[in-house]
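The entries below follow the order in which I looked them up.

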Amino acid sequence: MGKFTRRAFMVGGAAVGGTLALGVGFLSTIDTSGYDAAIADDGSFALNAWVTIKKDGTIQFAVPRLEMGQGVFTSLPMLLAEELEVDLSADNVSVVHPQENLPVYANFAMMLRKHPEQFSGAGDWLGKKMFGLMGLAGTGGSTSIVDAYTPLRKAGAIAREMLISAAAKQWGIAKSDCFAENGQVVSRLSDDKLSYGDLAEAVSKETPDENVRLKPKKDFKLVGKPQKRVDIPSKVNGTAKFGVDVVTDDMLFGTVMQSPVFGGVVKSINDTEALKLKGVKKVVNLGDAVGVIADSYYKAKKALDYLDVEFDDSAVTKLNSDDVSRMLREAIETGEEHEFVHEGDVEAASNGQETIEAYYEVPYLAHATMEPINATACVDGDKVEIWSGNQMPANMESVPKDVVNAKAVTPHIMYAGGGFGRRVEKDAETYAVKMAAAMPGVPVKVIYSREEDMQHDVYRPAAAARLKAVLGSDGYPDVLDTKVGLQPIMPSFSKRNLPFEIAGLSEASNMEGLQHSKYEVPNRRLKNSIIETNVPVGFWRSVSHTHNAFFLEGFVDELAHKAGHDPFEYRQHLLQGHKRLSALLAELKKQADWGKPVPKGKGRGIAVHESFLSYVGEVFDISLSEDGEVTVDKVTCVVDCGSVVNPDTVKAQMESGIIFGLSAALFGEITLDDGAVEQTNFTDYEMVKMRHAPEISVTIMENDELPGGVGEPGTPPVYPALANAIFAAGGKRIRSMPITKHGYSSI
């Protein structure tokens, strides 16, 4: 399909590392538009890279983003169906993950960090070609709709016009005498109709017109209106296939035991007793872990108990959680620093003035995806077949090439039961390929136990911040001086997943949510300092926004109370120069009934935050008992995510993000003892249960702005809104999480 397929020129690490020189002429051959029609190998007709009509007349939409519960299998096809004039709920319409990683499927918005509508110039052109060449069809950063909003509508509209053109030729009439409706082209002259299936072969000869006109918003039939999720029926009736559901003939099962201390390696294995167990096939030294292969997962897991394994962690620093806290504080006080923002004259404005200062801290957090981490592989000579739900499908091709020098890789992208950034890693795929290589020709499905996942995750980093402010005579800040200390993600992530390492001190992602704060403060400084540990850290839902929103919104609340202002009015004043945030706050005030007296034993807290091109404000209403039990009664959420595709998805993502953040705020903490994670399962790393779940009200702002993300922005306001509500109820300021650190509980 298209002018250039990635399979024809798989680029390895050299290209990523910048050592591969590619000419402009070559790059221009890489198809990053995907609008051409083609006849596929199986005889299906591809109207373009996203829409295929099969011989039986079914229409298939290809969604190159991983469906991991966030609803992309509905919202992305809605964009295509809207312009293509197809009923998404029709029986002949289906949605699949494309198994071929075409350049056009790269997530350009995630890589170039802007809307596709804003792409311009040679830099963006080169970026699209290179990221397409690398096959970076990633799912993350709340970018699926941001990346797809215009390109997929355009793809649908181009295909529609090609179908109309093909029908007009068949009837011998003008295109203007035809229109598309419900998967058919209709003649205005005779009322004759041709289905898209009837036209599929003819349309493959049509030339796409990239200047096609898109529908005006007022004509939308699907976009902007609630649509039922296309993936839900199969998930309800059990026919949906997640990675953990993969079953093949003669399959074996594997599980792993990794070094308890991060960075440790296998020193010795005595597998005599384990291999005596019925069904156990092999024990594999994986370098930093030991794998067991058996004819069932249960037997593989049981065999771990019969292994005598010694890990060598002598060269590794064995940290405790107190060590990490000390390192963060030292980094803020004396560490090497990078300055991201310096507006006004912080020193002069602070000189001789009363300074308000606070220190905030958050711990490591696990992802704890509901579907256990898993991957399945079959190695047969230099051919590898692999099954996984990975947020970066390129991993499914690169791992077999790197690990067993595979010449041909057949990937199968599966549903994922939660990702949150955990499934962008490739550790499970690596173990699966290594273990499958030990059983040539036999598929091996590797599953992490919950304990193994909990103790060998890639964690949301621990972080801390010292914030200082000087208030003017009106009570609003003249100075805001912030320094953050953290273990940056990118050095850790790049070391595991990329052929080069990214430095951390000046990495902009460290300052997400702080660097471009919309609060109007005349003298503002923002710096960070980093720590280095052997704890693997990675992307977690909303990444640095989670802790930076807590630091800023908690401190702003402190300033409001110090100044004697209402916390809502205080924010409204500081954001009065920002039209969208001001409108959002006004709506939040109305929806939350802010200003209504709160009874004794109750508290109300507010937080507002911008992330992933969207704005979210939340008000938490809580009850606080005399013995410190916190009940979150209600969360009022208002989101401005620009143009909305599926309102049901937006609401679901806000609710999900709030529950996800609430789990972390109430209970979440990964602690270290002598270099190993102490938590083992949901018994000591709790999630919000039905009895903890508050009433959640979500209001979506309506406007015509370009769409923003929705998967992550619901999470960052949770920490500060809850902490501010607890302060309002009981007068105790919470500057570290979870709240259990401060004697509170949620039973």
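Entry 1, contacts. I note at the outset that the model is predicted. I looked up the contacts in the protein with a separation of 6 or more, and found that residues 24 or more positions apart account for 76% of them.

I counted 21 helices and 28 strands in the protein.

I asked what radius of gyration the protein has. The value is 27 Å, which agrees with a compact globule, because such a globule of 747 residues would have a radius of gyration near 27 Å. Along the principal axes, the C-alpha atoms fill a box of roughly 85 × 70 × 50 Å.

I recorded 77 positive and 101 negative charges in the protein. Their mean positions are 2 Å apart.

How many disulfides does the count come to? A disulfide is a covalent bond between the sulfur atoms of two cysteines. With a cut-off of 2.5 Å between cysteine sulfur atoms, the count comes to zero. I then looked up the accessibility of two cysteines. Cysteine 178 has a relative accessible area of 5% and is therefore buried, since buried means under 20%. Cysteine 378, with a relative accessible area of 11%, is buried by that cut-off too.

Note on methods. Residues numbered from 1 in each chain as written. Predicted model: local features only at pLDDT ≥ 70, side-chain atom pairs only at ≥ 80, totals over all residues. Heavy atoms only, no water. Helix = DSSP H or I, 4+ residues; strand = E, 2+ residues; numbered from the N terminus. Rg over C-alpha atoms; globule rule 2.2 N^0.38 Å. Contact = heavy atoms within 4.5 Å. Lys, Arg positive; Asp, Glu negative; His and termini not counted. Charge placed at Lys NZ, Arg CZ, Asp CG, Glu CD. Buried < 20%, exposed > 50% of the residue type's maximum accessible area, 1.4 Å probe, protein only.
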